[in-house]
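Thanks for coming. I will go through one structure this morning, one part at a time. Please have the sequence and the model open.

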Amino acid sequence: MAAWSSPPSLRHLLMLRPCLPLSPTCLAGSLRRHIHSRCRLFSSAASSSTLTHGDIASTHGDADGVVEVNPPRGTRDFPPEDMRLRTWLFDQFREVSRLMAFEEVDFPVLESEALFIRKAGEEITQQLYNFEDKGGRRVVLRPEITPSLARLVIKQGKSVSLPLKWFTIGQCWRYERMTRGRRREHYQWNMDIFGVPKVRAEAELLHAIVLLFQRLGITSSDVGIRVSSRKVLQAVLNMYSIPDHLFTQVCVIVDKLGKMTREEIEKELVSTGLSSEAVQGIIDVLSIKSLSKLEEVLGSDVEAVADLKKLFSFAEQYGYADWICFDASVAFDREGKLRAICGGGRYDRLLSTFGSEDIPACGFGFGDAVIVELLKEKGLLPDMSRQIDDIVFPLDEELEGPASSIASSLRKKGRSVELVEDKRLKWVFKHAERINASRLILVGNSEWERGMVRVKVLSTREEFEVKTSELE
C-alpha cells in the first residue's frame with residue numbers, strides 16, 4: 001500500500017474484517033459495539049465536526065424568561081449553512097450507492113426496545129433513549145441501523161430475490177458519556193449486501209468506500225484501510241485445540257487490544273483456561289502486519305488466508321490495492337489517537353439472532369461527523385454559500401402582480417427564484433450579492449408596457465432588456 005504520509009499530513013485508518021463468522025453472542029458483545037464494530041475508519045483529527053454546535057447542556061430555561069435555545073445535550077441544530085453541507089454529503093453517499101447499483105431503504109427512527117435487547121443484551125438499555133409509549137409498548141430511538149435492517153429482511157422473506165443490495169442514510173441515537181467526537185445522535189450511511197457468501201461482497205463494499213473518498217478528493221495518502229478476518233483468530237484457536245465454545249469469550253478479550261496493556265490481555269486470556277503457549281500464540285498472530293507472514297504461520301490451506309488472498313487479488317483488479325493493508329489485530333489503534341469514521345464487516349449469523357434463518361451478509365456504516373473534519377482539514381469542503389438563479393424585483397407596487405407572473409414562469413422552467421418586494425433598489429443589489437444570485441430581473445413600468453423586463457447579469461454587470469415571452 002502507499003507509504004505513510006509525513007507530518008503534518010494526517011493518515012486515517014479503516015479496519016475491515018472480511019468473512020466474520022460471528023455468533024449471536026459475539027454480536028452482542030463489544031465486537032459489534034459502535035456500528036457493530038464491523039470495522040473502523042479512524043481519524044487523528046481532534047476538533048469537533050463542523051456540523052455540530054457546542055457540547056451544551058439543555059435546560060428548561062427560566063419559566064418567566066426566554067426558553068432554552070440550545071438543543072438537548074449531544075444533539076445538533078442544522079441552520080441553513082449546515083443543512084447545505086449535510087445535504088451535499090448525503091448526496092455524495094447516494095451517488096456512490098447509485099453507482100454501485102444499491103437500492104435505498106428506510107426504517108422508523110422509533111423501534112421496539114426488544115429488537116435491540118435481542119441483539120445486544122439487557123445491558124444495552126443503559127445506552128438507549130427508551131420509554132413506554134401510551135399503548136404500554138417499550139420503544140427506543142434506534143441506536144444503530146442493522147437490527148432494523150435485519151427486521152426488514154426477515155419481514156420481506158421470500159418476496160425478494162437474493163442478493164439484496166440495500167443502502168440507507170439514517171439518524172441514530174445513543175445515550176452514553178460524551179467524549180470528543182462522539183455525540184448522542186449522528187447520521188449514518190449504511191450499505192449492506194445479503195446473499196453473497198464469498199469475499200466479493202467485501203470487495204464491492206470496499207470499492208464503494210474508496211469511490212466516496214475519491215469523489216471527495218481524499219487520496220490513499222490520507223486514508224488507509226486495514227483488513228483482517230475473525231477467521232484468523234479461529235484458525236489460531238484450532239492450532240492449539242481450544243474448544244469452540246471459548247471463541248466468543250476470546251473474541252471479547254482480544255477486542256480490548258489497544259485499550260488494555262498486553263500483560264492485562266494475557267492475564268484475561270489465561271483466566272479463560274487457555275495455556276500460556278496458546279495465549280502467546282494468539283498475541284503473536286494478532287501482531288502480524290503482513291499477509292505473507294500470516295500464510296507462513298497458519299499455512300496456505302487455511303480458509304482465513306485463502307479469503308484474504310482473494311480479497312487482496314480483487315483489490316488489485318478494482319484498482320484500490322494501495323488503499324488497503326493487512327493487520328491481524330483486527331480493528332484497533334494502538335496509540336488511541338484515532339477516531340472512528342466508518343465500520344464494516346461480515347455478519348453471517350445476524351438473522352438467527354432474531355429467530356430467522358441466516359443469510360450470508362456483509363455491510364458497513366459510515367458516520368457524518370469525522371469525515372467532515374477530515375475534509376475541512378484537507379481544505380476539501382466545497383463552497384456552501386447560498387446560491388440562487390434569479391431575483392425578481394418590481395420597481396412599483398402596482399407591478400407586484402406582473403412580478404409574481406415572471407417568478408412563476410421562471411420556476412416552472414426549473415430556475416430558483418426569490419421574489420423581493422418593499423425594499424430599496426440599493427438593498428436588493430446588496431442582497432443579490434449576499435446570496436450569490438446569478439441575475440437580477442427588474443420589472444419596471446416602461447418595460448412592462450412594452451412586454452419587456454430588464455435583466456442584469458450580476459457576474460459580468462451586463463444589462464439588457466428581454467421580452468417576457470423569451471425570458472429563460
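Let's begin with helix H4, residues 113-120, which is mostly covered, since six of its eight residues are buried. Bear in mind that this is a predicted model. Which residues of H4 are the buried ones? They are Glu113, Leu115, Phe116, Ile117, Lys119 and Ala120. Notice that Glu113 and Lys119 are on that list.

Next, a pair of helices. Two packed helices are described by the angle between their axes and the distance between the axes. Here the pair is H8, residues 247-254, and H9, residues 262-271. The angle is about 165°, and the axes are 10 Å apart. How do we put that angle into words? Angles over 145 degrees count as roughly antiparallel, so H8 and H9 are roughly antiparallel to each other. Their crossing is right-handed. As for which residues make the contact, H8 contributes Val250, Ile253 and Val254, while H9 contributes Ile265, Glu268 and Leu269.

Now to the annotation. UniProt, in an unreviewed entry, places a "binding site" feature at Glu144, Ile145, Thr146, Arg174, Gln188 and Asp192.

Where is Arg174 in the fold? It sits in the loop between strand S7, residues 164-173, and strand S8, residues 185-194. Is Arg174 buried or exposed? The cut-off for buried is under 20% relative accessible area. Arg174 has 12%, so it counts as buried. Its side chain also has a polar contact of 2.7 Å with the side chain of Gln127.

Gln188 is placed in strand S8 itself. Its relative accessible area is 2%, and therefore Gln188 is buried as well.

Last, the chain as a whole. How many helices and strands does the protein chain have? There are 17 helices and 18 strands. The chain has 472 residues, and 51% of them count as buried. Then there is the question of how far apart in sequence the contacting residues are. If we take contacts between residues at least 6 apart in sequence, 71% of them join residues at least 24 apart.

That is all I have for today.

Note on methods:
Residues numbered from 1 in each chain as written. Predicted model: local features only at pLDDT ≥ 70, side-chain atom pairs only at ≥ 80, totals over all residues. Heavy atoms only, no water. UniProt positions renumbered as here; feature names shortened; annotations may be inferred. Helix = DSSP H or I, 4+ residues; strand = E, 2+ residues; numbered from the N terminus. Buried < 20%, exposed > 50% of the residue type's maximum accessible area, 1.4 Å probe, protein only. Polar contact = N/O pair within 3.5 Å; in protein donor to acceptor, adjacent residues only side chain to side chain. Axes fitted to C-alpha atoms, helices over the stretch in contact; angles between N-to-C directions. Parallel < 35°, antiparallel > 145°, perpendicular 65-115°, else oblique. Left-handed = near helix turned anticlockwise from the far one by under 90°. Contact = heavy atoms within 4.5 Å.
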